[in-house]
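I opened the notebook to go through one structure entry by entry. The sequence and model come first, then my notes.

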Amino acid sequence: MKKELKSLEEIRIYSDPYRIQIMNEFQKFGRPATVKEIADSLGEVPAKVHYHVKKLESIGLVSIVDTKLVNGITAKYYAPFKGQIAIKKSEFDETVQQVFQSETQKLLFNLFEESKKRFLRANQGPSPEGTLMTHDVFLTKEEAAELTALITEFCEKHQNNDPSASREYYEVFFTLARNQGPEPSGDK
């Protein structure tokens, strides 16, 4: 499944580092969770998390999937969007294009920074738990789309935690970008 962020407002909502952290926390739970559960996990007050969850809900990145009556209070269980999140550039004038580009850069910076922090934490102990790879590959547009589809399909297949299996939580951060600079010499 693919969610396209098409407006500046949607990109601004998603690019907030705290909201990215909340989305990651929902993913870690591996099941629908309440705002209180997420807040407790983050060491935050529920009101602050609730505000940001409502923003994420407004653009379809979290949704209520269940409600339960607990001690007379209705507990809302949210699930994060599972799938690929893409940025779709619409027809904007030049000024809006510049703001759009700036917001996109902010989003990418925040995603890279959060991923970098988790990678470094995973590799602090005596036995490293993270893998970092970089490769130069030559692909057709169709092959690039096929690679993205393979990784997306694999990740979607493993997004839900099966408590009966001895699986651990991993983060996959994948980028595939066509290099528009000079071709690498191949002398690596």
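In which helix do E114 and R118 lie, and how many residues apart are they? I looked this up in a predicted model. Both lie in helix α5, 4 residues apart, which is about one turn of the helix.

Entry on E114 and R118. I found a salt bridge between them, with the closest N and O atoms 3.5 Å apart.

Entry on charged pairs. I noted that side chains of opposite charge can pair when their charged atoms come close. I counted 9 salt bridges in the structure.

One of them links K116 to E113, with closest N and O atoms 3.3 Å apart. These two residues also belong to helix α5, 3 residues apart, about one turn of the helix. K116 counts as partly exposed because its relative accessibility is 42%. E113 is partly exposed too, with a relative accessible area of 23%.

Next I looked up K28 and E25, whose side chains meet in a salt bridge (3.7 Å, N to O). They lie in helix α2, 3 residues apart, about one turn of the helix. Is E25 buried or exposed? I wrote down buried, because its relative accessible area is 9%, under the 20% cut-off. K28, at 39% relative accessibility, counts as partly exposed.

Entry on the nonpolar core. Which residues touch the most other members of the largest nonpolar core? I listed I22, F26, V49 and V53, out of 25 residues in this core. Helices α1 (8-15), α2 (17-29), α3 (35-42), α4 and α5 each supply at least two of the core's residues. The largest share, 5 residues, comes from α2. For V53 I left aside neighbours within four places in sequence and found contacts with I22, F26, V35, V62 and Y78.

Entry on two single residues. I placed A47 in helix α4 (residues 46-58). A47 counts as exposed because its relative accessibility is 61%, over the 50% cut-off. Its C-alpha atom is separated by 48 Å from that of L139, 92 residues apart along the chain.

Q97 sits in helix α5 (residues 94-122). I recorded Q97 as partly exposed, with a relative accessible area of 23%. The C-alpha atoms of Q97 and L8 are separated by 9.5 Å, and the two residues are 89 residues apart along the chain.

Terms used: Residues are numbered from 1 along each chain as its sequence is written. This is a predicted model: local features need pLDDT of at least 70, side-chain atom pairs count only at pLDDT 80 or more; totals for chains, interfaces and linings use all residues. Side-chain values use heavy atoms; hydrogens and water are left out. Buried means under 20% relative accessible area, exposed over 50%, partly exposed in between (1.4 Å probe, protein chains only). A nonpolar core is a set of buried Ala, Val, Leu, Ile, Met, Phe, Trp, Tyr and Cys residues joined through side-chain atoms within 4.5 Å. Contact means heavy atoms within 4.5 Å. A salt bridge is a side-chain nitrogen of Lys or Arg within 4 Å of a carboxyl oxygen of Asp or Glu.
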